[in-house]
Amino acid sequence: QNPPPHLSYAPLFQFLTGQNFLKLGQQIHAHMTLHGLQPNAFLGAKMVAMYASSGDLESAVTVFRKIKDPTSLLYNSIIRAYTNNGYPLKTIDIYRQMHSLRLKGDNFTFPFVLKSCANVLDVWMGECVHGQSLRFGLELDAYVGTSLIDFYVKVGELRDANKVFDLMTVRAVSSWNALIAGYMKEGEIRVAEDLFRGMPCRNIVSWTSMISGYTQNVLAEEALSLFDEMLKEDSEVKPNWVTIMSVLPACAHSASFERGRRINEYVNRIGLESNPSVQTALIAMYAKCGSLVNARCCFDRILENEKNLCAWNTMITAYASHGQGLESVSTFENMVRAGVYPDAITFTGLLSGCSHSGLVEFGLRYFNSMQTKYSVEPRHEHYACVVDLLARAGRLVEAKEFIKKIPMQPGPSIWGALLAACRKSRNLEIAEIAAKELFVLEPENSCNYILLSNMYAEAGMWKEVDKLRARLKCEGIKKNPGCSWIEIKGKAHLFLSGDLSHPQSKEIYNLLEALPEKIKAAGYIPNTSFVLHDISEEEKEQNLIIHSEKLAIAFGLLNTNPEVVIRITKNLRICGDCHTVIKFISKIYEREIVVRDVNRFHHFRDGACSCGDYW
């Protein structure tokens, strides 16, 4: 029986495209070959599309290369195949080949080539494609126009993206979305907001782009407010899993545990509780809001065969940020046993966990195994973790010698780790070495000057303190004011040190003024070394009372029920006296208190802290 002609096969391959019927497609191809039928350019284009959509790029390329008289349709198929399979440079090479054959590109060619140019930041080639689209009268095509906007946005040419947008007579929703994403990426929030409000029609991508943009620009309240707007009954669009993943980091930024918990409830209502990506985002959110228990529950909801590297990394990092080094190690070992191999992010979390928990030998062993066992090249952040690991353990000389052996220029995080650890060990000699490097690497970072100044003050070296303060003033470097905040009933309450602006200031200060007598009876001795001014001891004790974290905790005690966990976030490192006082508060008031500072979490309960005073 004679095989059907080319045209009879074309609909078959078109039907199989995207259906994941690779075996059937291969059988039809074999049947053609058996009967000596070689595909022409039209049929070849359908076969390339079928193979590529099934993930068999090698067969798609083989078919493409065997066609003697290629057409634009055939080239479009292979260009799409390379682009969708993540080979942007191949796409660009094939387009050059197509151009050299004088084959005309169309609105199916240019979008994929532009996407590839954007992926490799090939501005010159992208502009050439723009020129070709003008030549063929396709710049005003909605599909090509949107691709041009997206290309210019991704290569950082926002002005050109805007020019294309202004010239478009018919603007697809995707064109608006691409431009909104571009302005959000550049931090032009107000322009993005004006575009969003001016859209004749919005889809889920429009809303998600705005929420994601707010989150990336650390505008948590704006992101959460827009998400709440989507949840209203009269909202034109409801959140999907991508929207949820975009808004959850906003909860983490603002330590908004209650808002995050409500989003989790929404996730369960719409049936996304089994989505691994959403659960991974929830793990990160809960961990950054101070609830390891909830984070672990979300991790356990992911099926074992669906726990990818991202999920494992998120859980390892969560344990590390809470000072649970042994749990980080245990989770890492479970991941390896599950057949998931670590990457650079894994080791950053793992080494950080070891550092926060004093697991020096574990940390050094894992660092040394990175290249030899797991083929992961150590990066700057891994060397910083090792310096931190050694320095925290008091092995400052060893840490300093380790820095000399680092095969790259040590950056601020490496010298910063060394300087921070020097205060605990009261090693001014090494502190001055680290600070000197930091003053060059990041001259406008006030924290380095203040940390060294604090060490001088503790040592009673007031002349050196005055010199550093004069230098800060002379160079116009401003100190970041310490502030702490607490969320109660969905509302954040911010406190600065010595703050009197809060409506409940009188009650807060009354509670704090009575506190020293209570905790001194339980054994508290004020650590006035944290008041770095040359004043009397009595004044120093009074100064300690008004630290921002104490104000936030006092507010929490006044406004929450005994069973509620008090969650505080501080923008700087918690001071040693506050750490001691909070332990006593947790015992006297029988409360659980979680404090998230710039470095880690501290969980206080029954007079003890989860850090074991190793911080």
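Student: Leaving aside its neighbours within four places in sequence, which residues is Lys570 in contact with?

Tutor: Contact means heavy atoms within 4.5 Å, and by that reading Lys570 is in contact with Cys483, Ser484, Ser548, Glu549, Cys575, Arg596, Asp597 and Val598. This is a predicted model, in which local features need pLDDT of at least 70 and side-chain atom pairs count only at pLDDT 80 or more, while totals for chains, interfaces and linings use all residues. Residues are numbered from 1 along each chain as its sequence is written, and side-chain values use heavy atoms, with hydrogens and water left out.

Student: Is Lys570 buried or exposed?

Tutor: Buried means under 20% relative accessible area, exposed over 50%, and partly exposed in between, with a 1.4 Å probe and protein chains only; Lys570 counts as buried because its relative accessibility is 9%.

Student: How many residues does the largest nonpolar core have?

Tutor: In soluble globular proteins, nonpolar side chains tend to be buried together. A nonpolar core is a set of buried Ala, Val, Leu, Ile, Met, Phe, Trp, Tyr and Cys residues joined through side-chain atoms within 4.5 Å. The largest one here has 155 residues, and those with the most contacts inside it are Ile78, Ile149, Ile244 and Leu418. Apart from it lies another core, of 32 residues, among them Ile566 and Ile568.

Student: What is the phi of Arg102?

Tutor: Most residues other than glycine have a negative phi. Phi of Arg102, however, is near 60°, a positive value, and Arg102 is exposed, with a relative accessible area of 78%. Asp606 also has a positive phi, near 55°, and is exposed at 57% relative accessible area.
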